[in-house]
Amino acid sequence: MRHQHKTFQAIEVGDGGDGRWAAHARTLWQDMEGLLTEEGRTPEGADRVRALFCTHMPELMPVLDRLAVQLDRPEARAFLTHAALRPFFPACTQIGRNGTLLRNYDFPPDQCEGTIVSSCFLRPVIGMQDVLWGLLDGMNDAGLAVSLTFGGRSVYGRGFTILIVVRYLLETCDTVDEAVGRLRSLPIAVPQNLTLVDAAKAVTVFVGPDMSPTVAPDACAANHQHLPVTDEQERASRTQERLRAIRAAGADVAAMLKPPLYRSVDEQGVGTLYTARYRPVEGRVTYYWPGESWQQSFGDFVPGSRTVTLNRAS
């Protein structure tokens, strides 16, 4: 199988007001702005999503305004609410256990931003950024870590992308219980699964536009929720197979780098782009690829870049 390569970079952006975040975001804007819906491009739509953001994430309003001013694009404020963006459907596997959050992120390589960001918008947060300031996974200085997977159902409603929800929870919550409570008031556009870990607890929560947040049987998730998985969905995503595998393996990095949890880029262009192991109480995260790893922490965050080889399971 032909190997593919993907470059990841690590950047520090501070509070978003000194130009470092904007310099990075401007390089991505041309590719990103197409995610904004037609409604979000109208004055009425922009006002609606800004009001939604102000209602549900008021703590982040000053940050959104600071970033939008720095980005200096006409549609930046509407875009950064993450409430008028086209949906995306990542196929991932994750587990929380004994203070560790371990996840594989599966997606087309050219559609993943691949940016590890250390920020201090409201508090210190480190995570894998996507769509300018959302997070695929991350941790904060209180010892809370959160990661997402797609919930596997083709339902769409008014609400936020899960990326900004992960950012919001890490910016405003100290514990799993606090974050789960906060989830109950947030409208979410697409069915998603969140795994949350702190020093005392690990849970997975199913969320979506047509359901109340529901705690899963254990702190594991692939790409389905509590509904039956069709044969077609299983053939396409192998979600049940992956969930069984991670439950059997536990929080084992070696298992994440091998099939069926590690997925080579397939004919649909989807494959495992990275494995992340968060130890949030230690303030430490390590990103893994077959034969390579990259550690970052609050005490020792090192900007830089790595070009890694995909399609090379251990």
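1. Among contacts in the chain between residues at least 6 apart in sequence, what percentage join residues at least 24 apart? In this predicted model, the share is 66%. A contact here means heavy atoms within 4.5 Å.

2. As to secondary structure, the chain holds 15 strands and 9 helices. With a radius of gyration of 18 Å, close to the 20 Å that the globule rule gives for 314 residues, the chain is as compact as a globular protein of that length. The C-alpha trace spans about 50 × 40 × 40 Å along its principal axes.

3. Burial and surface may be read together. Of the 314 residues in the chain, 59% are buried, a class that requires under 20% relative accessible area. The chain has an accessible surface of about 12300 Å², and carbon and sulfur atoms account for 49% of that surface.

4. On charge, the chain carries 36 negative side chains and 32 positive ones. The centres of these two sets lie 3 Å apart.

5. Strand S9 covers residues 202–208 and strand S10 covers residues 211–215. The two strands run antiparallel and are joined by 3 bridges. Together S9 and S10 form a hairpin, with 2 residues between them.

Definitions and conventions
Residues are numbered from 1 along each chain as its sequence is written. This is a predicted model: local features need pLDDT of at least 70, side-chain atom pairs count only at pLDDT 80 or more; totals for chains, interfaces and linings use all residues. Side-chain values use heavy atoms; hydrogens and water are left out. Helices (H or I, at least four residues) and strands (E, at least two) are DSSP runs, numbered from the N terminus. The radius of gyration is taken over C-alpha atoms; the globule rule is 2.2 Å times the number of residues to the power 0.38. Buried means under 20% relative accessible area, exposed over 50%, partly exposed in between (1.4 Å probe, protein chains only). Accessible areas come from the Shrake-Rupley method with a 1.4 Å probe; for residues, only the protein chains shown count as cover. Lys and Arg count as positive and Asp and Glu as negative; His and the chain ends are not counted. The place of a charge is taken as NZ of Lys, CZ of Arg, CG of Asp or CD of Glu. Two strands pair if DSSP finds at least two bridges between them.
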